[in-house]
Each structure stands twice: as C-alpha cells, then as structure tokens.
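Reader: I am new to this structure. Please take one part of it and walk me through it closely.

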Amino acid sequence: MELKTSFNQSQEEVKSLTSRPSNNELLSLYAYYKQSVDGDVTGKRPGMMKIKDRAKFDAWSAIKGTSQENAMKEYISIVEKLKSTYS
C-alpha cells in the first residue's frame, strides 16, 4: 500500500479508538502528524500561560529535521500501537 494511503487510513483508524490514549501518546501522535503534513515547526514558542500549545510546540520541535516520509511512517507505527492498546 502506498505510504500516503496508509497515512490517511491511520488518521481515520485513530478516531475509532475506544479509550483515550495518554497525553504523551497524543503529543507524539500530534508531532508526527504535523511533521508529516507541514514539515519542521516554525514560529515562536507559545508563552508559559498557554500550557497545551506549548507542549504541542515542544513535541513537534523535538522531531525537527525528520523527513516527512519518515514522520508518516512513525505516525502509522504509533497508530498501530495505539490500536492494539486502546481498541
């Protein structure tokens, strides 16, 4: 199956999890999704009062330099792990 097709399928599958993953798992999922779609993080780090936005920015920033293809592969891998744990 083509990588982009698998990536799109994983985006749909993650919506059908029966339980909510941990915050760290969700941050990893977010970071690899954003890296896959938008590439490296840009802009300023959100301020201290925007805790959620700051955590998301930091997670995405931590994988800066990862190719979009590798980010898609990692996203798919994370979704597979989440499916086995939360479905």
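Author: Val79 has 0% relative accessibility, so it counts as buried. The cut-off for buried is under 20%. This is a predicted model. Val79 sits in helix α4. Leaving out residues up to four places away in sequence, Val79 touches Ser10, Glu13, Val14 and Leu29. Glu25 is 54 residues from Val79 in sequence. In space, their C-alpha atoms are 9.6 Å apart.

Now take Tyr75. Neighbours within four places in sequence are again set aside. Tyr75 is then in contact with Phe7, Ser10, Gln11, Val14, Leu29, Tyr32 and Tyr33.

Next comes the core. The largest nonpolar core holds 19 residues. Val14, Leu29, Tyr32, Tyr75 and Leu82 have the most contacts inside it. Helices α1 (3-14), α2, α3 and α4 (68-86) each give two or more residues to this core. Helix α4 gives the most, with eight residues. In soluble globular proteins, nonpolar side chains tend to be buried together.

The axes of α2 (residues 23-38) and α3 (residues 51-62) come within 8 Å and cross at roughly 60°. The two helices are therefore oblique to each other. Their crossing is right-handed. From α2, the contact uses Leu27, Tyr30, Ala31, Lys34, Gln35 and Asp38. From α3, Ala55, Lys56, Ala59 and Trp60 take part. By class, this contact has six nonpolar residues, one polar and three charged.

Notes
Residues numbered from 1 in each chain as written. Predicted model: local features only at pLDDT ≥ 70, side-chain atom pairs only at ≥ 80, totals over all residues. Heavy atoms only, no water. Axes fitted to C-alpha atoms, helices over the stretch in contact; angles between N-to-C directions. Helix = DSSP H or I, 4+ residues; strand = E, 2+ residues; numbered from the N terminus. Parallel < 35°, antiparallel > 145°, perpendicular 65-115°, else oblique. Left-handed = near helix turned anticlockwise from the far one by under 90°. Contact = heavy atoms within 4.5 Å. Nonpolar A, V, L, I, M, F, W, Y, C, P; charged D, E, K, R; others polar. Core = buried A, V, L, I, M, F, W, Y, C linked by side-chain atoms within 4.5 Å. Buried < 20%, exposed > 50% of the residue type's maximum accessible area, 1.4 Å probe, protein only.
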